[in-house]
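Hi everyone, thanks for making the time. Let me put the structure up on the screen, and then we can walk through it together.

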Amino acid sequence: MKAAVVFEKGSTPQYADFPEPEVQENEILISVKAASIKNLDRARAGGNHYSTENQEHQPTVIGTDGAGYLENGSKVYFFSKKGTVAEKAAADKKMIIPIPDELDFSLAAALPNAVMGSAMALKFKAGIQQGNTVLINGATGITGRIAVQIARLYGAQKIIVTGRNEESLQSLLELGADEVVSLKLEDNAFKQKIKDIHKETPVDIIIDYIWGHSVEMILSAFKGDGTFSHKTKLVTIGGMSGDTIQLSSQILRGTDIQISGSGLGSWTKEESALLFSEIIPEMFQAAVEGKIKMETQDVDIKNIEAVWNAELQSGKRLVVRI
């Protein structure tokens, strides 16, 4: 079969012949039609993700999920550790989700990862409730844009977003955000803006996609003064601005804030099962109904080498069509 293959660790994937996957008893063969390329896929392909850093590299088909047809013609989304950017893929039977007939393969392939990076944090780590105020830090990325829409679907009363791209930041108002705060502001001005927002409408949940200095400033703005403070849950999902922060012990001692993370390895088996049985199907239907919007940039698998390191249009997910 034809596939996008990384032959040497850190090299660019190539369009090449590769053996069809061997299907185990708990798996099923899928004819792949679309597979999205995410930061996770790039990191795993380069051997830089924590899920692969201890593995000896072998020629590998890239991709972790996709959309296609079962042998009976059913449209499905699937997850696979054996690679998905190929004509055929083997998927665990428990990690397959029906795709509504009205939903395009590109959107069906692109949406679930963004749902994992937003709904799981909002629902399980933050425990979002009707009427909550949500701050999304670094919301101008693809997953952040989906988080805004899902937070609204989950009943958030007010959504505040931060980001550096002014045009993308303003566009979030059309997706459900109520207030934007630019990360280009001078530090004291940014902290004061966050402090004023928190004073007016106390923030219940912070969803963070970038970590680093911006989180230091947000935590500083939330720092208590020795009186009772509002309970806030901060859930980090990414580290685009740096993997570490300096955290004052005084902030934790003087502020009712809970810090946790959401990602592979942090979800329980029960939560992961609900992702496939309830959450992604719910979001597929929301997309069909126009309640969730997402843009993709589609390319043919034959062109994978040319587009692998190319700069994408802002807010669009790269999807390989097969």
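**Strands, cores and a loop**

In strand 2, please find Ala 16: this is the bridge partner of Ala 3. Before we go further, keep in mind that what you see is a predicted model.

So let's stay with these strands for a moment. Strand 1 and strand 2, the latter covering residues 14-17, run antiparallel and are joined over four bridges. Strand 1 also pairs with strand 4, residues 60-61, again in the antiparallel sense, this time over two bridges. There, Val 5 sits opposite Val 61.

How enclosed is strand 1 by the rest of the structure? Largely, because four of its five residues, 2-6, are buried.

Now follow the chain out of strand 1. The loop leading on to strand 2 holds Glu 8. With a relative accessibility of 58%, Glu 8 is above the 50% cut-off, so it counts as exposed. If you'd like a sense of scale, take Glu 8 and Lys 291: they are 283 residues apart in sequence, and their C-alpha atoms are 42 Å apart in space.

Which members of the largest nonpolar core touch the most others? They are Leu 111 and Ile 136, in a core of 75 residues. Helix 2, residues 105-116, is the top contributor to this core, with nine residues.

Finally, click on Ile 136. Leaving out residues up to four places away in sequence, its contacts include Ala 147, Ile 159, Ile 207 and Tyr 209.

Thanks, all!

How values were computed: Residues are numbered from 1 along each chain as its sequence is written. This is a predicted model: local features need pLDDT of at least 70, side-chain atom pairs count only at pLDDT 80 or more; totals for chains, interfaces and linings use all residues. Side-chain values use heavy atoms; hydrogens and water are left out. Buried means under 20% relative accessible area, exposed over 50%, partly exposed in between (1.4 Å probe, protein chains only). Two strands pair if DSSP finds at least two bridges between them. A nonpolar core is a set of buried Ala, Val, Leu, Ile, Met, Phe, Trp, Tyr and Cys residues joined through side-chain atoms within 4.5 Å. Contact means heavy atoms within 4.5 Å.
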